Amino acid sequence: MAQQTKSVLIIGAGLGSLASALRLSSRGYKVTILEKHHQAGGRLNQIKKDGFTFDTGPSFFSMSYEFDELFRDCGIENPLQMHELNPVYGVYFSDREKPFLIHKNLKKLAAEFEEIEPNFIRKALGYLEQAKHLFHDTEHVVVKRNYNSLIEYAAALTRVPLKHSPLLFRSMWTELERHFDSEEVKIIFSLVAFFLGATPFDTPAVYSLLNYTELQHDGYWNIKGGMYQIVHTMLGLLEERGVAIHYNTEIQAAVTNGKQLDGFLDQNGKHWQADLYISNSDAAAFRGRILNRAKFNTKKLDKMDWTLAPFTIYLGVKGKIPDLYHHTYFLGDNFKEYADKIFKTSVSPDKPYYYVNVSSKSNPQCAPPDCENLFILCPVPDLRYKPDWSDREKLADNILEDLSKRINYDLVGNTVTRTIWDPIEWQDKFHLYRGSGLGLAHGLNQVAAMRPKNKDEQFNNLYYVGASTVPGTGLPIVVISSKLVLERIEKEHPCQLTPFVPTAKTISDSDSHSPVEKEVIEPLA
C-alpha cells in the first residue's frame, strides 16, 4: 500500500507557526508557510541597525521546559542555549533611588523588603504555596487541553478542587492584600497582571499562579545570542525537514468549496492550496477580516477584551549603564490611578510607566563595544481608545528624559540610533487587532473553551495556532498551542508516512499552484 502524506499551508511565520511546522514536518506532513514580511518571527522578531541588534518583542520567558518538550517531541535535543535570569528583574519606584531586585531566593528577596514588609518569608511562602497548588491543579484542565464544547469544559472544571473557588471572586489585588502589607510588595507581585492585558484590580485572583511560575516554579529565561535565536534555530530545523517558507506574501481572501476551505489568495491574486490550513494570524480578527464571519465583525471584536498596545523604543547608546539589569520596571507613585486610566485614555500618559530590557547585559554581541542596546516598552491604550499617535516623538522624549534622571545617565546625549514603533505600526506590521500587543485578554470569559477555538467552526480543514486561540499568550503557552493543534490534526487528518528525510531544496517564490474557479470570500474592510 502506497504511503500517503498530507500538505499543510500555514499563514504567518510567528512562533506558533514555526512550532506547528516543526511538529507536523517531523511526522511526515508536507508543510508550506506564507509570511507577510521579509523574515520570520512575528512579534518575536529582530531589528539590526547601526551595529546594534534588538529583539522587537518578547525579551524573556517562563516555563522553559515547554521548549524541551517541543524539541523532544520532534526527536531533537533542545538546541537552544537558555540561561536563567538572576535577579529575575528589578523595579524602580519614583520615590526610591535604588531598585528592588527580585530574586527567586526568598532570603535574598526578604532582604530587599526587610524595611517595608516584616516577616516576608512567612507571608510569601503562604501566598506562593497556594499559587503552586492552583497552578498544578489547573494546568491540565485549563491550559494543556482541547475542548469541543462548553459542556465538556464545565465538566472538566468539576475536577478542580473547590478550595480554589474563592479566587474566582476576588481580584488579584484583593488577594495580595490578604497576604502582604507593603504597597510596594503588592505592586511588584501584581505586575504579572499586565501580561494578561488587565490591571490587578480587575484580574481574578486565580492568576496569582503566575507569581509561582516566576518566583518558584521555573523563573525567567533568556536565550544566548538574543531571543531571535529561537527563530533562527527553528528555521534551520525546518529547512532540514523540507519546509518551504515564502516571504513577502500576504493573504487577503479565502476560497471555499462547501464545507471545505479550498485555499487562499495573496496580494498578487495567487491561489495557494493544500489539504489542511493553519492560521497563525490573530484567531479572532482573522475570522472577521479574512473569513467575513458575522460573529467576528469589527463591532463585535471591539466589544471583546484585548491586551494593552505596545509603544516601543529601540535605543542604541554609547557607554555602559551599571544601574540597568536585563529587564527593569520603572513605576510612578500613583499606581492605582494609573492602572485605572491606562486602558481607555485617549492621550499619552504624562508620567508613563515602562519596562526596559538591556539584552546586551546578557548578550554583549548585541551592541558594539562599550555600548548598550535598550528596548523600552510602555503599555498604552489600543487604537479603539487612542487612534492618533502624532505625539509619538513627544512620548518617547518624555520616557527617555524620565529614564535618564532615574539612572543618572544622559541617554539622549549618548544616543547612536533610535527607532520607535507605535500601536499603528504594531497593528500594520503583524495584523494585531487595534494594535493589541498580546491579542485577546485572559478574563475568565476568554479562557480555555471560552476562547476562539483552534478548530474552525465551519471548515473541517482549517485550524488556528497562536496567542488569541487556546491556551493563550506568552511564548511557552504558544508552544503548547502548537501541541494542541497537532493533537487535533493527527486525530482528524492522520498522515501515514515514514519520518522525514532532510533536504536542502531551495524554494522559489515563482512556484505556482493551478488556479481553479471557487467561491472567494470577500474580506472585511
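The structure is a predicted model, in which local features need pLDDT of at least 70 and side-chain atom pairs count only at pLDDT 80 or more, while totals for chains, interfaces and linings use all residues. Residues are numbered from 1 along each chain as its sequence is written, and side-chain values use heavy atoms, with hydrogens and water left out. Helices (H or I, at least four residues) and strands (E, at least two) are DSSP runs, numbered from the N terminus.

**Helix α1 and its partners**

- The axes of α1 (residues 15-26) and α15 (residues 475-492) come within 9 Å and cross at roughly 40 degrees, where axes are lines fitted to C-alpha atoms, for helices over the stretch in contact, and angles run from 0 to 180 degrees between N-to-C directions.
- The two helices α1 and α15 are therefore oblique to each other, since angles under 35 degrees count as roughly parallel, over 145 as roughly antiparallel, 65 to 115 as roughly perpendicular and the rest as oblique.
- Residues that make this contact (heavy atoms within 4.5 Å) include Leu-15, Ala-19 and Arg-23 of α1 and Leu-475, Val-478 and Lys-483 of α15.
- Helix α9 (residues 228-240) also approaches α1, with axes that come within 10 Å and cross at roughly 30 degrees, and α1 and α9 are therefore roughly parallel to each other.
- In this second pairing, Leu-15, Leu-18, Ala-19, Ala-21, Leu-22 and Ser-25 of α1 meet Ile-230, Val-231, Met-234, Leu-235, Leu-237 and Leu-238 of α9.

**Thr-328**

- Thr-328 lies in strand β15 (residues 327-331) and counts as buried because its relative accessibility is 0%; buried means under 20% relative accessible area, exposed over 50% and partly exposed in between (1.4 Å probe, protein chains only).
- Leaving aside residues up to four places away in sequence, Thr-328 touches Gly-90, Val-91, Tyr-92, Tyr-354, Tyr-355 and Val-356.

**Backbone features in loops**

- A cis peptide bond, with omega about 0 degrees, joins Asn-86 and Pro-87, and Pro-87 sits in the loop between β5 (82-84) and β6 (89-93).
- The peptide bond from Val-470 to Pro-471 is cis, with omega near 0 degrees, and Pro-471 belongs to the loop between β19 (462-464) and α15.
- Asn-119 is not a glycine, yet has a positive phi of about 55 degrees; Asn-119 is exposed, with a relative accessible area of 51%.
- Asn-292, likewise not a glycine, has a positive phi of about 60 degrees, and Asn-292 is partly exposed at a relative accessible area of 37%.
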